[in-house]
Structure formats: C-alpha cells, structure tokens
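This report describes the fold, the nonpolar cores, the surface and the charged contacts of the model shown below.

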Amino acid sequence: MNKVKKRLNKEIFLMAVLALSIAIVLIYLGVFKVLNKPGEKPVLTPQETRIINPQLDEEVFDELEKRNY
Amino acid sequence: MNTDQKKPLIWLSLSVSTVAFFLIVAIRPTVITITKLIKEIEEKEAASLLLDKKINSLVAAQKVYAINSQRLPMLNQALPEKSEFPWLANFLESTALSSQVELSSLTFEKIDLNPAPPVSQSQKPSSGQTINFSTNAKGDYLNLKNFVSLLESSRRLIKIELTGISETKKKEEEIINTTLQLNISGVIFFENE
C-alpha cells in the first residue's frame, strides 16, 4: 500500500511539473504569436507615410525665364 | 519513506500545480497584454518618427515653394493643363509675322477641345498629352531660320521633330524668283489633368 501511495505521489508531482512546463510554453507561444503577428490596422496609411522630396530643380525656372512666351 | 518525508512532496506538488494554474489563468493574459502594448508603443514611436520626417520635409518644401512661388506660373505656361489651342494658333501666326515669313499652311491633328472626364481611375489618361502639328512657311533663308529659332525658344513645350527646306522657282517676266519653303512637323505638349 505504501509503495502504491509513494508511486502516486511521484506521479502527481510529475504531472504538476508537466503542467508548470506547459504553462511556461503557453506563455512563450502567446508572446511569440503577438510579436510576430502583423498589425491588424497600420498606424499610418501609405499616403500618410509618403515623404515628399522638397528639392526643386531651379535650373528649370532659369531656363524657362530665358524663353519667350 | 515515512509520513513526514512524503508530506513535502505532496505540498511541493500542490505548490507547483498552483503556480501552473495561476501562470495559465492570470500571468499569461497579463504577459500577452504587456507584449501587445509594448509592440503598439514601438509601432507608434516609429510612426511618430516618420511623421516628424514628413513634417520636416513639408516645412522644407514650403520654404522652397515660398521662394519660387512667383515663378511657378511659368510651369503652367510651359505645360498648360489644357491644350490652349487658340493661344497656340495665335503664337504660330504671330511668330511667323514677327520673323517675316508667310505661313502657307498650318495643320493640327484632330483634337478634342472638350474631352469627357474620365469615368474611373483606370480610364484616366496618362499625364502629358500631345498635339501634332505641321506647317509650311515661305520666306528667305534668314527669316526661316529666325522662325525656327523663335519656335525653339518658346516657353511652351514644343518639340520640332522634322524640318525640311525646299526651293521653288517662278519665272515672271524673264526674272526667275527663287523662294524657300520650310516644312516643319512637331509636337506640342500639354498636361490634360
């Protein structure tokens, strides 16, 4: 009887350790999933993120000024 | 193993089970929420940086615009939004007049002066429309040369694709009159927005 109890206790302990390991793995998977999931809605639209180039070729104006209208 | 030795194992099992239970039920959602929030903060910080860059470029563009605002109408003169056909015909005539050549013919390709607006984005015409033209001018060599040079120096975008000079002789009362005839064909651009 004692041997059966002893074995049962060991198995309960193993199951508890297994449950703890599963809990840690679940947390890890949850965090991994969140980090790798693409954002449902982008913070900014492509139009909002488009940066315009403020450079202007002023030689075009100089060239046009020389011409007759 | 006596009862005192067994008890710690049972208590340890209970403790580990309790920790596992709370890890799944309480800690996991909290950690996931914290991760989501950290990710959101990082995304918004990146967006904020992009917006800062955009604001800087807009400020720079505004300065450039302010400096060149007086000269911007020249762009419309060079590449108008519409064909500006009356101006075009008038320009060619007045150029011929000022360079003292005689325009014997002036031909434009068929153009739609009131084009229907595009129904959808896919039907939108590509920017940069053209009008093909061809003209014949008569005069002496220097005047014809001046005519071509005036056309080339026009602020309106005109591309002269082909020029040809031919000689015609007329015999009038024993005198042979020689006139030069210049054939020009080219393309005139407009934006057609």
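## Chain architecture

From the N terminus on, the elements of chain B follow the order α-α-α-β-β-α-β-β, which amounts to 4 helices and 4 strands. The model is a predicted one. Among the contacts in chain B with a separation of 6 or more, 75% link residues 24 or more positions apart. Buried residues account for 26% of the 193 residues in chain B. Its accessible surface is about 13200 Å², and carbon and sulfur atoms contribute 57% of that area.

Chain A reads α-α-α along its sequence, with 3 helices and 0 strands. Of the 69 residues in chain A, 16% are buried. The accessible surface of chain A is about 5900 Å², with 61% belonging to carbon and sulfur atoms.

## Annotated transmembrane regions

In chain A, UniProt lists residues 12–31 as "transmembrane region", from an unreviewed entry. In the model, residues 12–31 of chain A are 100% helix and 0% strand, and the end C-alpha atoms lie 29 Å apart.

For chain B, UniProt assigns the feature "transmembrane region" to residues 9–27, again from an unreviewed entry. The span of residues 9–27 in chain B is 100% helix and 0% strand, and its end C-alpha atoms are separated by 25 Å.

## Nonpolar cores

Which residues have the most contacts inside the largest nonpolar core? They are F108(B), F133(B), F147(B) and I184(B), in a core of 19 residues. Two or more residues of this core are supplied by each of α3 (85–98), β2 (129–139), α4 (141–152) and β4 (175–190) of chain B. The largest share, 5 residues, comes from β4(B). As general background, nonpolar side chains in soluble globular proteins tend to be buried together.

The surroundings of I184(B) can be listed in detail. Setting aside neighbours within four places in sequence, I184(B) is in contact with F133(B), S134(B), T135(B), F147(B), V148(B), L151(B), I160(B), L162(B) and T163(B).

## A nonpolar surface patch on chain A

V25(A), Y28(A), L29(A) and F32(A) make a nonpolar surface patch of about 430 Å². One of these residues, F32(A), is located in helix α1 (residues 2–36) of chain A. F32(A) is classed as partly exposed because its relative accessibility is 46%, a value between the 20% and 50% limits of that class.

## Salt bridges

Across all chains, the structure contains 6 salt bridges. Side chains of opposite charge can pair when their charged atoms come close. One pair, E11(A) and R7(A), has an N to O distance of 3.6 Å. E11(A) and R7(A) are 4 residues apart in helix α1 of chain A, and are therefore separated by about one helical turn. E11(A) is partly exposed at 38% relative accessibility, whereas R7(A) is exposed, with a relative accessible area of 60%.

Where do E58(A) and R71(B) lie? These two residues form a salt bridge with the closest N and O atoms 3.8 Å apart. E58(A) is in helix α3 (residues 58–66) of chain A and R71(B) is in the loop between α1 (3–68) and α2 (73–78) of chain B, so the pair joins two chains. E58(A) is partly exposed at 34% relative accessibility. R71(B), at 16% relative accessibility, counts as buried, because the limit for that class is under 20%.

R71(B) also forms a salt bridge with D62(A), the closest N and O atoms being 2.9 Å apart. This pair likewise crosses between chains, from helix α3 of chain A, where D62(A) lies, to the loop between α1 and α2 of chain B. D62(A) has 35% relative accessibility and counts as partly exposed. Through shared partners, salt bridges join E58(A), D62(A), E65(A) and R71(B) into one network.

Key. Residues are numbered from 1 along each chain as its sequence is written. Chains are lettered from A and ligands numbered from 1 in the order in which they are written. This is a predicted model: local features need pLDDT of at least 70, side-chain atom pairs count only at pLDDT 80 or more; totals for chains, interfaces and linings use all residues. Side-chain values use heavy atoms; hydrogens and water are left out. Patches are made of residues with over 30% relative accessible area and no salt bridge: like charges are joined within 9 Å, nonpolar side chains (Val, Leu, Ile, Met, Phe, Trp, Tyr) within 5 Å. Accessible areas come from the Shrake-Rupley method with a 1.4 Å probe; for residues, only the protein chains shown count as cover. A salt bridge is a side-chain nitrogen of Lys or Arg within 4 Å of a carboxyl oxygen of Asp or Glu. Buried means under 20% relative accessible area, exposed over 50%, partly exposed in between (1.4 Å probe, protein chains only). UniProt positions are given in the numbering used here, feature names are shortened, and annotations may be inferred rather than shown by experiment. A nonpolar core is a set of buried Ala, Val, Leu, Ile, Met, Phe, Trp, Tyr and Cys residues joined through side-chain atoms within 4.5 Å. Contact means heavy atoms within 4.5 Å.
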